[in-house]
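Work through the two exercises below with the sequence and the model open. Each task is followed by its solution in steps.

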Amino acid sequence: MKTFCGRANPTTGSMEWFEEGEDYDYHQEIARSRYADMLHDKDRNVKYYQGIRAAVSRVKGRGEKAIVLDIGTGTGLLSMMAASAGADFCYAIEVFKPMANAAVKIVEKNGFSDKIKVINKHSTEVTVGPDGDMQCRANILVTELFDTELIGEGALPTYEHAHKYLVQEGCEAVPHRATVYVQLVESKRMWSWKKLFPVHVEAEDGEKILVPPSEMENCPGVPSVCDIQLNQMPSSDFTTLSDVVTMFSVDFSKPVQSASTYYRVQLEPVRSGKAQIVLSWWDIDMDPSGMINCTMAPYWVKPTSALQWRDHWMQCVYFLPNEEPVLQGEKLYLTACRDEYSVWYNLQKAREGENKADEEEHKADVRVESPVCRCRAHLLWNRPRFGELNDQSRTRQYIEALRKVLKTDSVCLCISDGSLLPVLAHYLGAKQVQYFPSRIDLYHPHELWQAFFKANHLEDKIKIIEARPELLKPSHLEDKKISVLVGEPFFTTSLLPWHNLYFWYARTAVSTHLASSVTVLPQSASLHMMIVEFQDLWRIRSPCGICEGFDVQTMDDMIKNSLNFRESKEAEPHPLWEYPCKSLSDPQEVLTFDFTQSVPQHCLSTEGSVNLSRKGKSHGAVLWMEYHLAADISVSTGLMQMSNEKGSCEWNPHCKQAVYFFSSVIESEILSDPTAVTYAINFDIKTGEIAMDFKL
Ligand code: SAH
């Protein structure tokens, strides 16, 4: 079987499709999977084991045989726990073939082949009966099918089906129950991920304020979950307006309904403020008594208990459709609506003197449609991009730089996806501004820009060019040459920091239209690199070996093999503000890209070494870009600040950085004779990709 894989080509900006063998998908999925992270999640594993032991002993205590159904067995871990706890037989269901194969091997290696039957099927395809996959229905249902939003991986329909066809009535379920909690908050930082705030520009002829169009103001945004490591959000970045409230629970031991529904709770704000965001997380009780509880609650909820770090389950940020001023003690209703796979929220005020009948009527209109972006901005800009556009200090730097380079007769061309630079350039006095609004016409950004320009009376001031840079014609520019070429650079399809070098390729494509004295902003970019020790992120790529007494090395080997597939060890994007690390070396500039010149014909490569100047474990290298906008003005998409004493780093909160995990970790001591890491980094002009190699 062949698989087609799409990837944006960073040199042309267009999507390209590759034919890949069947293996390709598997390897990608395994290499980037969360299995390692789950196996390192001690808190989860210990509690599952306790819950499974308790369930097996309850069934045995009733004098019944313990027949387990483990849906989504992965490595087989939960089935092996059940078998060790004395279960008579386990049916371990796994839909993903490479995992099912791995489970067979792991189960065999651990000596459970006679007690565990691995079935490579989706649970809804499993048959029961003398000739079926399962001899009889199970009386213990074990699963771990949850994502950060609890239901996003299809837990509800899977449970619904299992209760109808695969388990006995009154079965024991591990986990027994899940509960979703919410807290209402005000947070300018998180709200800036959904709304575009007005942009203030000091122009020659007074202050200009750029405002979003009303379509954007009233847009509900997109339904996709916003999951983050909420524990990295400092308490100074939000204000809690309510206590933590239980939103809804699901009892997994009883028939489960997956059909769309809603839940409503009443709450009274503990403080007045602007209700903008609903923070949410869940916990699971492994047993009916609630004594074995595994929670995703963030740090401020139970400040005394130790937090388990995990990446496979985080916390959710939901954006209310509109900001709502609320008063301390006033009566509010918060509604969670859900379909089979996702949840969204709505806040309503109780009406003055509301009676029962009103309340019923109220209930009828609490159900709101799942959010669908109507303004198109939420399709063009993802949440971090909204945050970046709302970052005032960054905007100020661009304004400063533009002010330095623009003249009243400037003919300005902007190349960047969904950028506000053309408007800034116009306000700052550029005579003529042309703009390639986006490389992808998928989202009809044209309509968005029309609305945007209209709201700001800029209709005839900025010209959108609906062509690709290589198809730019003199007529697009009214036969003028470009005197100022600007970009952020930011492109929607970029995955890794250097993919935004598409700006350089586009600049090269429009070379013939540039005036000989053209100013390019940014004038150059540089790639920076630093060796780090991660506080936790290392776990996602680290072998586990033995998990709760079970040998899962087969899984480790499989991940390693997939990571090395076709020798393609690559850097991966991670938003490091969510993943603390400590620098072990000084940051180093490793490559520079001169935007005043066209892309050269030859590849750019560099070799060198970097000293490990701090004690710690070298887990990998972090790489990011810095853009030099104009003399003395640079913006970093990576490191913002570093404390020299401890090496703790502050990262740009709107960008993902590239992380290259070393295949082996070295531990450096205080060094009189510092250890050096040597590197070789190559930017391939033809592909726009960066290959790298490190020797420790
Ligand atoms: N039980 C393992 C792995 C959990 S990950 C552990 O706890 O460590 C969830 C696994 O369930 C994935 O491997 C996924 O492929 C599988 N899965 C999800 N839904 C499924 C379904 N309905 N039927 C079979 N497998 C499923």
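**Exercise 1: the largest cavity**

By class, 6 nonpolar, 1 polar and 3 charged residues make up the lining of the largest cavity. Here Ala, Val, Leu, Ile, Met, Phe, Trp, Tyr, Cys and Pro count as nonpolar, Asp, Glu, Lys and Arg as charged, and the others, Gly among them, as polar. This is a predicted model, where local features need pLDDT of at least 70, side-chain atom pairs count only at pLDDT 80 or more, and totals for chains, interfaces and linings use all residues. Residues are numbered from 1 along each chain as its sequence is written, and side-chain values use heavy atoms, with hydrogens and water left out.

Task: state which residues line the largest cavity, and which helix gives the most.

Step 1. On a 1 Å grid over the protein atoms alone, a cavity is a set of points where a 1.4 Å probe fits but cannot get out; lining residues have an atom within 4 Å of a point.

Step 2. The lining consists of Val 199, Glu 388, Leu 389, Arg 394, Thr 395, Tyr 398, Leu 420, Leu 421, Leu 424 and Glu 488.

Step 3. Helix 12 gives the most, with 3 residues. Helices (H or I, at least four residues) and strands (E, at least two) are DSSP runs, numbered from the N terminus.

**Exercise 2: the second largest cavity**

Task: find which strand gives the most to the lining of the second largest cavity.

Step 1. Among the lining residues are Ser 280, Trp 281 and Trp 282.

Step 2. Strand 15 (273–285), strand 17 (315–326) and strand 19 (343–349) each supply at least two residues.

Step 3. Strand 15 gives the most, with 3 residues.

Step 4. By class, this lining has 8 nonpolar, 2 polar and 1 charged residues.

Notes
1 Å grid on protein atoms, 1.4 Å probe; cavity = no way out; pocket = protein on both sides within 12 Å on 5 of 7 lines; lining within 4 Å.
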